[in-house]
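Please keep the sequence and the model in view while reading.

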Amino acid sequence: MTEGRLQVDGHAQPEVLDQVHTELEQLWETTGDVSMRDRMRFEMGLMEIVGNVVEHAYRLDQGSAARVLSVSVTVTDSEVRGVLADNGLPVEVDLGDVTLPDPEAESGRGLAMALASLDHLEHARVAGCNRWTLVCERSAP
Amino acid sequence: MMELDVRTDERGVGVVVPRGRLNMVSARSLRDALDTLVNDGTHRIVVDLAETTFMDSSGLGALIAGLKTARQAGGDLRIARPTPAVTTVFELTNLDKVLRPRESAEAAFDD
């Protein structure tokens with residue numbers, strides 16, 4: 001049974017990060033019984049992937065105004081599921097090859113953090129869009 | 001959505017307090033603030049994370065950059081009072097050994 005849902009559509013620009021984050025905090029308020037641990041895990045994974053999309057929009061598309069990002073999150077009694085779609089250039093992602101960088105590295109930890117915090121993370125190219133699927137299986141409250 | 005307080009205490013230690021979310025947007029401000037402190041001669045810095053509700057990999061990157069800059073200048077950067085969400089990020093990335101959390105900003109440079 002679906003307990004709550006959020007949908008954010010916007011340009012893949014840094015401002016969308018706070019927009020998604022605020023909506024997610026409101027979603028936790030309305031669903032209420034998602035444990036703090038599961039909230040933190042999902043939040044970490046989702047914000048890293050949104051950040052990844054925004055960062056690549058800048059780097060690859062030479063101006064991110066044309067890149068549109070759609071984020072949806074659904075909470076059921078068994079899981080929290082996020083789906084992100086963007087119309088940007090194809091991203092080559094090999095999630096099987098993601099590791100944490102050297103402790104002194106200043107970047108490159110985002111995907112490793114998302115993988116570690118979520119129970120399932122998948123990237124696919126679907127109908128000209130990059131599509132990310134994120135799942136956090138809910139622990140007992 | 002982050003506010004950043006920066007001050008230098010009576011011992012000459014720079015105290016930086018990020019309030020709110022430390023994400024890709026606000027990490028730039030933190031990085032700049034840490035750079036400015038070191039460039040202006042404050043080489044010992046403590047980042048008080050008691051009011052940092054969230055930190056992503058960009059925020060972590062800004063702290064690592066600040067740590068390197070401070071050490072290159074002969075000083076150090078330490079962190080104090082991380083919230084549970086921020087502690088999880090340090091533990092998950094094995095950086096809790098590099099940036100060991102201290103109990104308070106005041107005591108961060110006692111050892």
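## Chain A: overall organisation

In chain A, residues 24 or more positions apart account for 67% of the contacts with a separation of 6 or more, two residues being in contact if their C-beta atoms, placed from the backbone, lie within 7 Å. The model is a predicted one, in which local features need pLDDT of at least 70 and side-chain atom pairs count only at pLDDT 80 or more, while totals for chains, interfaces and linings use all residues. Residues are numbered from 1 along each chain as its sequence is written, and chains are lettered from A and ligands numbered from 1 in the order in which they are written.

Chain A contains three helices and five strands, where helices (H or I, at least four residues) and strands (E, at least two) are DSSP runs numbered from the N terminus, and their order along the sequence is β-α-α-β-β-α-β-β. Its radius of gyration, taken over C-alpha atoms, is 15 Å, close to the 14 Å that the globule rule gives for 141 residues, so chain A is as compact as a globular protein of that length; the rule is 2.2 Å times the number of residues to the power 0.38. Buried residues (20 or more other C-beta atoms within 10 Å of their own, with C-beta atoms placed from the backbone) make up 35% of the 141 residues in chain A.

Strands β4 (residues 120-126) and β5 (residues 129-137) of chain A pair in the antiparallel sense over seven bridges, pairing being assigned if DSSP finds at least two bridges between two strands. A:Glu122 has A:Thr133 in β5(A) as its bridge partner. The two strands form a hairpin with two residues between them, and A:Ala127 in the turn has a positive phi of about 50°.

## Chain B

Chain B has three helices and six strands, arranged from the N terminus as β-β-α-β-β-α-β-α-β. Buried residues make up 49% of its 111 residues, and its C-alpha atoms fill a box of roughly 30 × 30 × 20 Å, taken along the principal axes.

Leaving aside neighbours within four places in sequence, the contacts of B:Ile45 include B:Val13, B:Leu34 and B:Leu77.

Definitions and conventions. Buried ≥ 20, exposed ≤ 12 C-beta atoms within 10 Å, placed from the backbone.
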